[in-house]
Amino acid sequence: MTISNLVRQHWAALRALLVFTVILGIAYPLLIWLLAQIPGLSDKADGSIIEANGKPVGSSLIGQSFTDSDGNALPQYFQSRASAAGDGYDPMATSASNLGPESIVDTPDKPSLLTTVCTRSKAIGDLEGVDGSRSFCTSGGVGAVLSVFGPRDLSGKVVDPTRVVSVNEPFDSVAAPFLTTYEGVRVECAKSGEDYSGGQIVPIRGSAPADPAVPADAVTASGSGLDPHISPAYADLQVGRVARARGVSPQQIEAVVADHTSSRTLGFLGEPRVNVLELNLALDEQYPARS
């Protein structure tokens, strides 16, 4: 390759670099910025920041917790969904628990998805004064799951149990298991350090209603861990508590909830939803909590 050919190739490459730098590094970002300033889009482009008394307090796109320093719900505020993003609603750690419907047995270092849901449902039921019971949950708020030992048939089902263990109820923490006997065999609580994986895992539905009082979004986290919305059903569940804390009637709180309930996007996408931050700010403005 001659010197002239080498210079020509490098000059062509430099021109291409300059052209693409102008187009992709300057013109395109500038065009997107200008489009983002169009009325109706500028707010979203700037992060959908919500202000109170002239100060930014959050974004309408990212949820936040309304709890005290110990993690207890502040009674005057509507509560958000649970969040698996970092310590809760951390935009730098957006994530889900990655646990699925087969996660029903606790491990020493991590509760199963079933126990997590049961625990949340019981806690919310206690907070709101409703029945927090749920199918496949014990009254203590853990997964109602047995490990059944004994001979098995060809399908793998235990046909004549010889030992039954409630695997999510530690022996040291409960006086008695959620179920006294299973097929005539006394149920025992799990003992620390013992392995019960050799038994047949049997979830027990229990007598909880098919339609629990605590809605699903109250006991599960969103996929991103940042969802700022709750369902109207979860909002309705919290109306009484918030009304008492603010010293107003439930009807007054319900009216504010209705004003901050969004319908399905375009009439058919998603579900009706309530933005928790916007709702709580509106309540602070209209009905400040009693001191």
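Hi everyone, this short talk covers the nonpolar cores and the cysteines of the structure above. This is a predicted model, where local features need pLDDT of at least 70, side-chain atom pairs count only at pLDDT 80 or more, and totals for chains, interfaces and linings use all residues. Residues are numbered from 1 along each chain as its sequence is written, and side-chain values use heavy atoms, leaving out hydrogens and water.

Let's start with the cores. A nonpolar core is a set of buried Ala, Val, Leu, Ile, Met, Phe, Trp, Tyr and Cys residues joined through side-chain atoms within 4.5 Å; buried means under 20% relative accessible area, exposed over 50%, and partly exposed in between, with a 1.4 Å probe and protein chains only. The largest core has 27 residues, and F78, I124, I253, V257, L279 and L283 touch the most other members. Among the elements giving it two or more residues are α3 (113-128) and α7 (276-286). Helices here are DSSP runs (H or I, at least four residues), strands likewise (E, at least two), numbered from the N terminus. The largest share, six residues, comes from α5. A second, separate core of 10 residues includes A144 and V185.

Now the cysteines. Which two form a disulfide, meaning a pair of cysteine sulfur atoms within 2.5 Å? They are C118 and C137, with sulfur atoms 1.9 Å apart. C118 sits in helix α3 and C137 in the loop between α3 and β3, 19 residues apart. The S-S torsion of C118 and C137 is about -80 degrees, so this disulfide is left-handed. C118 counts as buried because its relative accessibility is 2%. C189, in contrast, is in no disulfide; the nearest cysteine sulfur, that of C118, is 15 Å away.

Key: Disulfide = S-S within 2.5 Å.
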